[in-house]
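I opened this notebook to record what I looked up in one structure. The entries follow the order in which I consulted the model.

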Amino acid sequence: MNILRNRTYEKIIQYVSLTMIVAAGGILGALPLLSSSSAEVRTVISENDMLRTAFAQKISQICEIDTKERPWQYIVIHHSASEKGNATRFDTYHREKKGWKYGLAYHFVIGNGTLSGDGEVEVGNRWKNQIHGAHTANMDCNQVAIGICLVGDFENGGKPSENQFDSLVRLTRYLSSKYDIPLSNIILHSQVHQKGTACPGKNFPMAEFKTSLIQFASNEISPSRKS
């Protein structure tokens with residue numbers, strides 16, 4: 001018990017230190033969210049698993065699947081580059097205009113309050129059936145990358161809403177922990193090796209997003225939650 005308690009305190013200090021480093025120096029790419037050996041953390045079920053929106057969506061439940069999981073290695077963040085939208089509209093476009101057999105290119109869509117709720121996480125068919133994405137022009141990436149799209153235009157418009165940002169952090173945190181995806185592999189669409197794209201736009205707060213992921217992970221580890 002003392003060993004576990006000491007490890008817990010060490011991890012708290014580690015994550016606080018990492019957050020200070022990020023804030024001071026902008027060192028983001030090489031920091032892992034959590035060690036894959038942190039079994040006590042991976043089994044935590046707490047209020048952090050609940051999206052703080054009017055929908056009270058529980059991430060672990062909406063991410064449940066009943067088929068063999070793919071070996072996910074990356075998470076790619078997108079914007080829809082449109083003021084309005086939802087999973088159904090994008091699915092229709094991708095099927096009818098793009099001719100994609102599996103429709104919706106992304107695995108998850110986070111609404112902005114137009115055609116779906118503000119911060120509502122919609123789960124696509126590709127996630128439910130563990131099908132590769134079609135959200136980048138790099139097919140190798142699509143095979144191992146989870147695609148998350150936020151409704152909105154963050155290049156010519158504003159930033160994600162507070163609810164969207166909160167949902168994105170919590171969804172990404174859950175997925176990265178479940179599939180042992182390091183922080184360095186949580187990237188923007190524009191960072192994928194492919195033809196040029198500005199997605200998800202110059203106004204997407206990437207530094208704040210990654211710092212929030214680190215802070216979120218540190219908050220999951222506390223002496224009151226040790227086994």
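**Entry 1: the sheet**

I began at one strand pair and noted that Ile110 stands opposite Leu150 in β4. I recorded the basis next: this is a predicted model, in which local features need pLDDT of at least 70 and side-chain atom pairs count only at pLDDT 80 or more, while totals for chains, interfaces and linings use all residues. Residues are numbered from 1 along each chain as its sequence is written, and side-chain values use heavy atoms, with hydrogens and water left out.

Helices (H or I, at least four residues) and strands (E, at least two) are DSSP runs, numbered from the N terminus. Two strands pair if DSSP finds at least two bridges between them. I found that β2 and β4 run parallel and are joined by 3 bridges. On β3, Glu122 is the residue opposite Val109; here β2 and β3 pair in the antiparallel sense, over 4 bridges. These two strands form a hairpin with 5 residues between them, and Gly113 in the turn has a positive phi of about 95 degrees.

I then read the whole sheet: 5 strands form an open sheet in the order β3-β2-β4-β1-β5, with mixed pairing. β3 and β5 are the edge strands, each pairing on one side only. From one strand to the next, the twist averages 20 degrees. Helix α7 packs on the sheet and touches β1, β2, β3, β4 and β5; its direction makes about 160 degrees with that of β2. For such angles, axes are lines fitted to C-alpha atoms, for helices over the stretch in contact, and angles run from 0 to 180 degrees between N-to-C directions.

**Entry 2: the cores**

I looked up the nonpolar cores, each a set of buried Ala, Val, Leu, Ile, Met, Phe, Trp, Tyr and Cys residues joined through side-chain atoms within 4.5 Å. Buried means under 20% relative accessible area, exposed over 50%, and partly exposed in between (1.4 Å probe, protein chains only). The largest core has 31 residues, and Phe108, Ile146, Ile148, Leu175 and Phe209 have the most contacts inside it. Among the elements that each supply at least two of its residues are β2 (108-112), β4 (145-150), α7 (162-178) and α8 (206-220). A second, separate core of 7 residues includes Ala87, Leu104, Tyr106 and Val151.

I also listed contacts (heavy atoms within 4.5 Å). Beyond four places in sequence, the contacts of Phe108 include Cys63, Val121, Trp127, Ile146, Leu171 and Leu175.

**Entry 3: two sites**

I located Ser161 in the loop between β4 and α7. Its side chain makes a polar contact with that of Asp118 (2.5 Å). A polar contact is a pair of N or O atoms within 3.5 Å; within protein, one must be able to donate a hydrogen and the other to accept it, and residues adjacent in sequence count only if both atoms are side-chain atoms.

I found Gln143 in helix α6 (residues 139-144). Why does Gln143 count as partly exposed? Gln143 counts as partly exposed because its relative accessibility is 31%. Leaving aside neighbours within four places in sequence, Gln143 is in contact with Arg70, Trp72 and His132.

**Entry 4: confidence**

I checked pLDDT, the predictor's confidence in each residue, from 0 to 100. The chain averages 80, and 72% of the residues score at least 70. Over residues 1-48 the pLDDT stays under 50, and over residues 221-227 it is below 50.
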